[in-house]
Amino acid sequence: MSPRAGVIAFLVMISAAAMAAREAAPPADTVDWARGIVAAHATGRVVISDRGIPLERYGRQAISLNRGRVEAYRLARERALEKMYRLLGGVRIDADTRLDELLERDPVFQTRITEVVSERTRFREFPVGFDGSGCSAELRIGDLLLAVPYRYPEEPFPSRIDNPIPTAYTSLVIDARGLGVEPMILPSVFDENGLEVYGRNMVDIRHATRFGIVRYAASEDEAMGQRLAGDRPYYTVALRNLKGCPVIADRDVRKILSSARTVENLKKCRVIFIIEKEKR
């Protein structure tokens, strides 16, 4: 086959592939608090000369199509990571601090977050037409706890022995819709007097890095359907918002903290907040 015929054949192959299948748009980039992940997606293309020959991205030397696809995937991966960092910047750590604010003032956190994203992000390639490649990058929100320079001392929960018949619950589900509660990495639960009855100082960090301090849902059915909820969740409606976190009634605090088994489940971060879907 002559060089000209080869070029024509290559162009025909690209055209045929384009007509044979419509490209699916990559999924939306998102901080998915319900699943507990941050996901970013990006694409890259093979550099093609005017004559239809694949080229190196920077050297502009002729290369094979397979090598061009490898370069396209590397580019997609770099772009996905860049988008991942932009998403992380807007994540709220607690009621007072966003992740990008902590990055600006804490050089230790800067190093840690780079290490965590590098080591914990999972990458997956997806096809993008005949001459492209895509990359999906996913990071568990719980993994960010490894970077945040806070302590997790596992302090005891407030003691309550004033419930006449303690009942063991597998989880705590708080409906906080309509109160302006927003998702964050390190939320708390307060009682009516503003006392923290659940938060980072009390939980087992080993479970927090797996599930997050709290999981989020958009409906009661979605919350109860999570495996984390177990077969006997305690459901309650928050009274108000304090520092971006829910406040629950004293009777609820009494019921959940009077059972040692329930407290053990709280230590394992078996807590779900129901919030508006758009805030997730």
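In the predicted model, strands S1 and S2 pair in the antiparallel sense over three bridges. Within this pair, valine 31 stands opposite valine 38 in S2. The hairpin formed by S1 and S2 has four residues between its strands, and glycine 36 in this hairpin takes a positive phi near 75°. On S2, alanine 40 stands opposite alanine 137 in S6; S2 and S6 are joined by nine bridges, again in the antiparallel sense. Seven of the nine residues of S2 are buried, so this strand is largely enclosed by the rest of the structure.

Strand S6, residues 132-140, is also joined to S5, by six bridges, and these two strands run antiparallel. Here glutamate 125 stands opposite cysteine 135 in S6. In general, the strands of a sheet pair through backbone hydrogen bonds, in a parallel or an antiparallel arrangement.

Taken together, these strands give an open sheet of four strands in the order S1-S2-S6-S5, with antiparallel pairing. Strand S1 (30-32) and strand S5 (122-127) each have a single partner strand and stand at the edges, so one side of each is left without a neighbour in the sheet. On average, neighbouring strands of the sheet are turned by 25° against each other, direction ignored.

Two helices accompany the sheet. Helix H2 (residues 65-89) packs on the sheet and touches S1, S2 (37-45), S5 and S6. The direction of H2 makes about 145° with that of S2. Helix H4 (residues 107-120) lies across S5 and S6 and runs at about 120° to S6.

The largest nonpolar core contains 60 residues, of which Leu88, Ile185, Leu186, Tyr198, Leu257, Leu266 and Phe273 touch the most other members. Helix H2 supplies the largest share of this core, with five residues. Neighbours within four places in sequence being left aside, leucine 186 is in contact with Ile93, Asp94, Leu145, Val148, Tyr150, Tyr152, Arg200 and Ile213. A second, separate core consists of seven residues, among them Val173, Leu228, Ile272 and Ile274. In soluble globular proteins, nonpolar side chains tend to be buried together.

Isoleucine 53 lies in the loop between strand S3 (47-48) and strand S4 (54-55). The relative accessible area of isoleucine 53 is 26%, so this residue is classed as partly exposed; residues count as buried under 20% and as exposed over 50%. Isoleucine 53 and serine 64 are eleven residues apart along the chain, and their C-alpha atoms are separated by 8.5 Å.

Methods
Residues numbered from 1 in each chain as written. Predicted model: local features only at pLDDT ≥ 70, side-chain atom pairs only at ≥ 80, totals over all residues. Heavy atoms only, no water. Pairing = 2+ DSSP bridges. Axes fitted to C-alpha atoms, helices over the stretch in contact; angles between N-to-C directions. Contact = heavy atoms within 4.5 Å. Core = buried A, V, L, I, M, F, W, Y, C linked by side-chain atoms within 4.5 Å. Buried < 20%, exposed > 50% of the residue type's maximum accessible area, 1.4 Å probe, protein only.
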